[in-house]
Amino acid sequence: MAGTRTGVAAGITLFALATLTACTLPATAGGDSHAPLPSDSAAQLASLKIAAAGPMTGYSRDRFGGDWITQPDGCDTRVDVLKAQGKDVNAKGCTVNSGKWLSLYDGQNVTSPHDLDIDHLVPEAEAWRTGAAKWTQAQRVAFANDLDELVAVTAHSNRSKGDQPPPGYLPVESERCDYATHWIKVKDKYKLTISQSEHDALTQMLGTCH
């Protein structure tokens, strides 16, 4: 989970900043979604390496930077996620006052940014177990602040999710298509491995896409 990150890490490397990309998670209920097409996701899923998860030895949140970094616009990552994923966002500088957000995990519509956590869709611990343990610190910080990997969700649903991959955690049925396509996108982007049960659960969720 990443909803408790509130600080801004100083002195972040140019490498980490340069690897950030534009957010492609759904914006709000009724808003346009830039999720990959199911056929694209199926191809990405088929390309992922199936392997047993590694140990948690050496893992800590500090290995991913701990705090949000400052983005090129001068705001921290949390603010940029709220701006990118919200609709009708009312913001002044780096302060987001209101807007409309769709929580990917539970399908809830939210209008106050104070009711939202910014979570890592693929948890940092899950990334560590499936490849990130071998990355450099700069690569892990970049991952932790990549807008493709982050989602604004209700605090309650964030805490319910924990750090488990599918099928250990599944969102509400109405959000499973978007959840699966974005999970697969992140795993493919960072060449993280998946388990057989994860593969099978993702395949089933892609079956809910229309």
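Q: At what angle do helix H2 and helix H7 pack, and why is H2 called oblique to H7?
A: Helix H2 (residues 38-47) and helix H7 (residues 176-189) pack at about 45°, with their axes 9 Å apart. Axes are lines fitted to C-alpha atoms, for helices over the stretch in contact, and angles run from 0 to 180 degrees between N-to-C directions. Angles under 35 degrees count as roughly parallel, over 145 as roughly antiparallel, 65 to 115 as roughly perpendicular and the rest as oblique; H2 is therefore oblique to H7. The crossing is left-handed, a term for a near helix turned anticlockwise from the far one by less than a right angle (clockwise would be right-handed). This is a predicted model, in which local features need pLDDT of at least 70 and side-chain atom pairs count only at pLDDT 80 or more, while totals for chains, interfaces and linings use all residues. Residues are numbered from 1 along each chain as its sequence is written, and side-chain values use heavy atoms, with hydrogens and water left out.

Q: Which residues of H2 and H7 meet?
A: Ser-41, Gln-44, Leu-45 and Ser-47 in H2 meet Thr-181, Ile-184, Lys-185 and Asp-188 in H7, where contact means heavy atoms within 4.5 Å.

Q: What makes E3 and E5 edge strands?
A: The open sheet has three strands in the order E3-E4-E5, with antiparallel pairing; two strands pair if DSSP finds at least two bridges between them. Strand E3 (87-92) and strand E5 (109-110) each have a single partner strand, so one side of each lacks a neighbour in the sheet. Four bridges join E3 to strand E4 (residues 95-102), and Asn-90 has Ser-98 in E4 as its bridge partner. Helices (H or I, at least four residues) and strands (E, at least two) are DSSP runs, numbered from the N terminus.

Q: Why is helix H5 described as largely enclosed by the rest of the structure?
A: Six of the eight residues of H5 (residues 137-144) are buried, so the helix is largely enclosed. Buried means under 20% relative accessible area, exposed over 50%, and partly exposed in between (1.4 Å probe, protein chains only). Among the buried residues of H5 are Arg-140 and Phe-143.

Q: How do you know whether Lys-161 is buried or exposed?
A: Lys-161 has a relative accessible area of 3%, and therefore counts as buried. Lys-161 lies in helix H6 (residues 155-161), and its contacts include Tyr-105, Asp-119 and Tyr-179. Lys-161 and Asp-119 are 42 residues apart in sequence and 9.8 Å apart in space, C-alpha to C-alpha. Asp-119 itself is buried in strand E6, opposite Val-151 in E7.

Terms used: Lists of a residue's contacts leave out its neighbours within four places in sequence.
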